[in-house]
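Please look over the report below, which concerns how two chains meet and how they are related.

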Protein chains: 2
Amino acid sequence: MIEIIKNPAESEWKALCQRANVDDEVIDARVRNILTRVKEGGDNALKTLTQEIDGSCPANFLVSEEEFEKAAAEVPQTLKDAILTAKTNIETFHRNEIAAPFEVQTMPGVICKRRMVPVRRVGLYIPGGSAPLFSTILMLATPAKLAGCPEIILCTPCDKQGNVSPVVLWTARLCGVNTIYKLGGAQAIAAMAYGTETIRPVHKIFGPGNRYVTKAKQYVSTQGVAIDMPAGPSEIMVLADETANPAFIAADMLSQAEHGPDSQAIVVCANDRFAESINKELDRQLKQLPRASIATKALQNSRIIVFETSDREKQKELYIRFANTYASEHLIIETKEPWEIASQITAAGSVFIGHYSPESAGDYASGTNHTLPTMGLATSFGGIGVDSFMHAISYQELSPEGLNGLSKTIIEMAEAEGLQAHAHAVKIRVGKSN
Amino acid sequence: MIEIIKNPAESEWKALCQRANVDDEVIDARVRNILTRVKEGGDNALKTLTQEIDGSCPANFLVSEEEFEKAAAEVPQTLKDAILTAKTNIETFHRNEIAAPFEVQTMPGVICKRRMVPVRRVGLYIPGGSAPLFSTILMLATPAKLAGCPEIILCTPCDKQGNVSPVVLWTARLCGVNTIYKLGGAQAIAAMAYGTETIRPVHKIFGPGNRYVTKAKQYVSTQGVAIDMPAGPSEIMVLADETANPAFIAADMLSQAEHGPDSQAIVVCANDRFAESINKELDRQLKQLPRASIATKALQNSRIIVFETSDREKQKELYIRFANTYASEHLIIETKEPWEIASQITAAGSVFIGHYSPESAGDYASGTNHTLPTMGLATSFGGIGVDSFMHAISYQELSPEGLNGLSKTIIEMAEAEGLQAHAHAVKIRVGKSN
């Protein structure tokens, strides 16, 4: 039974939108230590650290051709087919994200352009652990390829026998990622950021991970390497009216809750009775779940908010405002007219419209990306897209006449800012100085 | 006379592309302290800190209507005209950056969409100090307005009499920024990030600043507030062949060098004689500069690289590869066929094509943005654009048939990842479970 909060005053909203608290003082010191050791010790440090932390270390970090081939033989065809369908949908969607170059004459003789170019070397991190997250490879490598990134490497931990899940290897190769290192944790992030004797440093690091990985990404992002986004525990918000099915909503909450004990699920609904029927469904469905103990913990961070009012417009407005305040990674709108609300959402990662759009559709196969902003960052970040693997370069080409026409403007402004050399670089070209 | 390096071996490139070292251990502790004090003490802390650090504190942080009006009367019409011209060009260019929403049916009954929405509340920081950087207001507020950001606030320090430069106030209002706080340094960043009794917290902070400001932005970016990009000292690279004018190149280097003692200017040219003639021009022009002492220091971090070879293709290739290794914030290509090189540049902030495109054109008025990636981050970051003030939201809407068609794919993948609740959220909707 999760907490039900009825008609909270607006002053309480901030507290209700709080994420599970992540305290990481200890992690901080350990991650700094790992980063320094890899920076200074290279491959040797990677070996020692992997042995220390994982209790074993593969003979070779680099996945061999044989391993790829073995993996391909081991993945069942039904799973391959599913992955191929998902990949096609992800490509179909993401292809639209490629920004076209443009050129504009801002004044006679002043041509300005912009084009997007791919990041040359990118590193993907895929966590190991209890489940092989091959879907995240699709979500990262597909836009990376569409962007045209020439070098993509991938790090993922192996098991004690030195094996990486076959479906991870098969999916990576399917996506054109052929350089895979069996390397996990903060040390993998360090290797991709600083480089070692065998691993070339990358310009940008992508992918989810535990707190060590997240902290390491945060650190290296202050040292000249870009990262995809700051990552926190996964979260979902469901907005429901009386047309919604409490069983569907409970299923969506649980699919969020099974991710980890610090996951969060928030439901907004219109009356107590509905809230209680969700709770009943949670109880019932939780019993069927293999990961029930994880989900149970996550539900402790979760809550149902009831906005009960006879004024329909007012209610809609409360739903929208509360959802924009929470800024959820995933937002499911299970109402009669979901677009009425969706069109006014200004902060969310990915929005799921109507009763037949569960989060798992977007997690795997609808086509949208599942690497999304958490912790309220959906106010300013979007999910991963092709643009995440590209960066803009601007150009300007002035003819002598173009510069002449703009010279007065530039000189006036530069001198007002006290930057005489800026003015002089124009004057010397237009014959106003030498 | 700056250092000339001839035909450096590729093993030396990394060292040659090194930026001036910024050591900030002391700054780090001071900035943390300032952030904590503002977070806990709000407006009172802002007052105490401003008094402590600046030696005075304005009676009101908020700029009044009277001050705006007074400012408007004080800015000379010639400067207003220049700013208006620049603003028009910046708008003309940036308008093209607005990404259109798109919608795609990835499979029958599976509709996916993406649209960009503006960041709701943004904060701009404009440094005070020796020169009023009103041009940066144009570069930040113009794309913010084009993005449609509903709330834009601006912080900038005032002088001991409580005055902000009139041209800063006039430009801000011209760009539609009406909420200006007289507040500088790390405490301004803290106020925008955490909020105080009078200042609402923002979702994203933009703008340049000294090391305290930069450090503060870096910190708050790990605490749930987005920032534009990690900022370092300004830099320029010039690629020149025999068609270039050494006097122009020296002027470009000096316009970079006058920014600050840690600025950097790198020139790549084709022979010693040309390199020496640049050095002569630097000597000559430096004498005319009001900010000669700053520029002299910056030139100590600067160098001229000579790639001398009779093989033109090889030379072009060296220029391109070295420029991509350095990844300059500003790249001027003063060669006979500049696009031959420009089209192969994969890492640069803004590129200036030909002999009549000085950096100051882009700094003020060509139309491109002057807030650009430094410190080699042009490998993965672009300059500020309209997209910097927006974020993507994705949507998916599945019909019952759409979900049914995709159900096998989702269930297969979810179960392979060990996420049964993800599979169940689909099964319960398509009648495969309850």
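## Extent of the contact

The model is predicted, and in this model the contact between the two chains draws on 121 residues from chain A and 121 residues from chain B. Between them, chain A and chain B bury about 10000 Å², and 61% of this area lies on carbon and sulfur atoms. On the side of chain A, the residues that lose the most area to chain B are A:Q396, A:E417 and A:R429, which together account for 8% of what that side buries.

## Polar and charged contacts

Between chain A and chain B there are 66 residue pairs in polar contact, counted where both residues have pLDDT 80 or more, and the count of salt bridges between these chains is 6. A salt bridge is formed by the side chains of B:R114 and A:D387, with a distance of 3.8 Å from N to O; the cut-off applied to such a pair is 4 Å. Sorted by class, the residues of chain A that touch chain B comprise 59 nonpolar, 43 polar and 19 charged residues.

Strand β14 of chain A, residues 390-398, is joined to strand β13 of chain B, residues 350-353, by 4 bridges, and the two strands run parallel. Within this pairing, A:Q396 stands opposite B:F352 of β13(B); A:Q396 is also among the residues of chain A that lose the most area to chain B.

## Relation of the two copies

## Salt bridges in the whole structure

Over all chains, a search of the whole structure finds 46 salt bridges. One of the pairs within chain A is that of A:K217 and A:D228, whose closest N and O atoms are 2.7 Å apart. Because A:K217 lies in helix α8 (residues 211-220) of chain A, while A:D228 lies in the loop between β8 (226-227) and β9 (235-240) of chain A, this pair ties together parts that are 11 residues apart in sequence.

Note on methods: Residues are numbered from 1 along each chain as its sequence is written. Chains are lettered from A and ligands numbered from 1 in the order in which they are written. This is a predicted model: local features need pLDDT of at least 70, side-chain atom pairs count only at pLDDT 80 or more; totals for chains, interfaces and linings use all residues. Side-chain values use heavy atoms; hydrogens and water are left out. Contact means heavy atoms within 4.5 Å. Buried area is the accessible area (1.4 Å probe) that two parts lose on being put together, summed over both. A polar contact is a pair of N or O atoms within 3.5 Å; within protein, one must be able to donate a hydrogen and the other to accept it, and residues adjacent in sequence count only if both atoms are side-chain atoms. Ala, Val, Leu, Ile, Met, Phe, Trp, Tyr, Cys and Pro count as nonpolar, Asp, Glu, Lys and Arg as charged, and the others, Gly among them, as polar. Two strands pair if DSSP finds at least two bridges between them.
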